[in-house]
Amino acid sequence: MINIGIIGYGYWGPNLVRNFAETPGATVAAVADLDKAKLELVQRRYPAVKTTTDFRDLLNDSSIDAIAVATPVSTHFELGMAALKAGKHLWLEKPMAETSLQARKLVDEADRRKRTLIVDHTFIYTGAVRKMGEIIKSGDLGRVYYYDSIRVNLGLFQRDVSVISDLAVHDFSILDYLVGEHPVAVSASGINHFPGTPENLAYITLFYDSGTIAHANVSWLAPVKVRQILVGGSKKMITYDDLEPSEKIKIYDKGVSFTDDPKQIQEMRVGYRTGDMWAPKLAVTEALRVEGEHFVDCIAHGKVPETDGRLGVRVVELIEAATSSMRGKGETMYIKRLEKAA
Ligand SMILES: NC(=O)c1ccc[n+]([C@@H]2O[C@H](COP(=O)([O-])OP(=O)(O)OC[C@H]3O[C@@H](n4cnc5c(N)ncnc54)[C@H](O)[C@@H]3O)[C@@H](O)[C@H]2O)c1
């Protein structure tokens with residue numbers, strides 16, 4: 001049985017507590033939050049779970065094997081490092097840290113102490129993203145031409161990070177999973193309409209060596225919630241609407257072909273193919289539940305999590321590059337890889 005302590009019971013923390021409470025092989029031992037009113041909610045819902053306003057109580061409790069950190073991003077490094085130094089396995093919310101240097105230090109510390117480090121890039125555990133990965137990896141889609149995402153709604157405005165860290169982070173992790181290649185460059189533009197707060201909308205383009213191009217439109221200032229992704233390949237195309245209750249993924253047997261017949265050189269040489277559309281059956285288990293069971297399995301059997309700290313580092317590197325580009329009004333940033341923490 002893996003005993004888990006959770007730090008942070010704001011918007012996302014309750015989802016972690018609920019899922020770990022139902023995960024076979026796991027027990028929620030304690031929850032820490034600075035806000036006593038949040039802890040009262042925990043006590044009402046889970047009377048057997050200990051609560052405290054001091055996260056150090058969780059670190060000093062030798063019966064706790066793993067800590068999940070669901071606090072604002074600006075606190076992840078300090079809390080995550082303290083948990084690893086106390087010998088705990090670590091679940092860190094996305095993005096894993098504010099800087100790639102901090103993220104790399106967390107990975108090094110977990111390696112040194114042989115602790116499991118998972119970063120909660122939740123989308124990787126959804127039936128929809130897994131199905132898209134399966135289709136792309138099988139070659140059915142052909143070469144990936146583009147990935148185009150719209151991830152907008154009204155709020156939730158964050159105080160410590162921009163909309164890139166909050167929302168585009170999902171696209172960065174999904175792309176890492178689907179494309180299996182790190183982008184070579186990024187260009188982003190964005191704006192902050194409210195002085196003193198981070199950028200609230202951004203348009204980000206990622207360039208890959210293979211020729212794939214990816215774009216994400218992220219915003220906290222949209223009147224409606226949209227979660228749509230298009231992936232276009234040389235053989236087929238996919239649409240993914242995360243708000244669809246069923247049939248989230250649709251695969252279109254559509255595409256174009258170009259002729260190199262010299263007789264047609266003066267004409268439009270493009271042919272359009274339109275075939276069937278189908279919506280594959282998707283796994284319906286809640287992603288956090290899949291991920292929670294995976295975390296417990298990784299701890300118990302010394303496995304490397306699918307969304308390990310190294311993925312977390314790659315994502316933070318993209319956030320940094322996109323943020324620099326955005327602050328330089330779209331200047332192209334080439335992605336630097338930091339191999340070792342100082
Ligand atoms: N995986 C996902 O899809 C997903 C979705 C939403 C949020 N998140 C992530 O979850 C994290 C938390 O986001 P949120 O929206 O729940 O934030 P929130 O502000 O609603 O909640 C954070 C909670 O942490 C508590 N807290 C802060 N510092 C603390 C400390 N030192 N000790 C104990 N408690 C402390 C606060 O009192 C608050 O209750 C962020 O990293 C965010 O990116 C992930």
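How many residues does helix H7 have, and how far does H7 reach from its first C-alpha to its last? In this predicted model, H7 covers residues 163-179, which makes 17 residues, and its reach is 23 Å. That is close to the 24 Å expected at 1.5 Å a residue.

## Helix H7

H7 has a bend of about 40° at valine 169. The helix is mostly covered, with 17 of its 17 residues buried.

At the N-terminal end, H7 is capped by serine 162. A side-chain oxygen of serine 162 lies 3.1 Å from the backbone nitrogen of isoleucine 164.

Just after H7 comes glycine 180, with a positive phi of about 65°. Glycine 180 sits in the loop between H7 and strand S8, the latter spanning residues 185-191.

Is glycine 180 buried or exposed? Its relative accessibility is 64%, so glycine 180 counts as exposed, the cut-off for that being over 50%. Glycine 133 is 47 residues away from glycine 180 in sequence, while their C-alpha atoms are 9.5 Å apart in space.

## Valine 144, in strand S7

Valine 144 belongs to strand S7, which runs over residues 144-154. Why does valine 144 count as buried? Its relative accessible area is 11%, and buried means under 20%.

Valine 144 and proline 72 are 72 residues apart along the chain. The separation between their C-alpha atoms is 35 Å.

## The ligand and its surroundings

There are 20 residues around the ligand, and the ones that come nearest are Tyr11, Trp12, Asp33, Lys94 and Thr122. Sorted by class, this shell consists of 9 nonpolar, 6 polar and 5 charged residues.

On the side of glutamate 93, an N or O atom of the side chain is 3.2 Å from a nitrogen atom of the ligand. Aspartate 120 also places a polar side-chain atom 3.2 Å from a ligand nitrogen. With lysine 94, the protein atom is a backbone N or O, and it lies 2.7 Å from an oxygen atom of the ligand. As for cover, the ligand taken alone exposes 850 Å², of which the protein buries 83%.

How values were computed
Residues are numbered from 1 along each chain as its sequence is written. This is a predicted model: local features need pLDDT of at least 70, side-chain atom pairs count only at pLDDT 80 or more; totals for chains, interfaces and linings use all residues. Side-chain values use heavy atoms; hydrogens and water are left out. A residue is near a molecule or strand if one of its heavy atoms lies within 4 Å of it. A polar contact is a pair of N or O atoms within 3.5 Å; within protein, one must be able to donate a hydrogen and the other to accept it, and residues adjacent in sequence count only if both atoms are side-chain atoms. Accessible areas come from the Shrake-Rupley method with a 1.4 Å probe; for residues, only the protein chains shown count as cover. Ala, Val, Leu, Ile, Met, Phe, Trp, Tyr, Cys and Pro count as nonpolar, Asp, Glu, Lys and Arg as charged, and the others, Gly among them, as polar. Helices (H or I, at least four residues) and strands (E, at least two) are DSSP runs, numbered from the N terminus. The expected span of a helix is 1.5 Å times one less than its number of residues. The bend at a residue is the angle between axes fitted to the seven residues ending there and the seven starting there. Buried means under 20% relative accessible area, exposed over 50%, partly exposed in between (1.4 Å probe, protein chains only).
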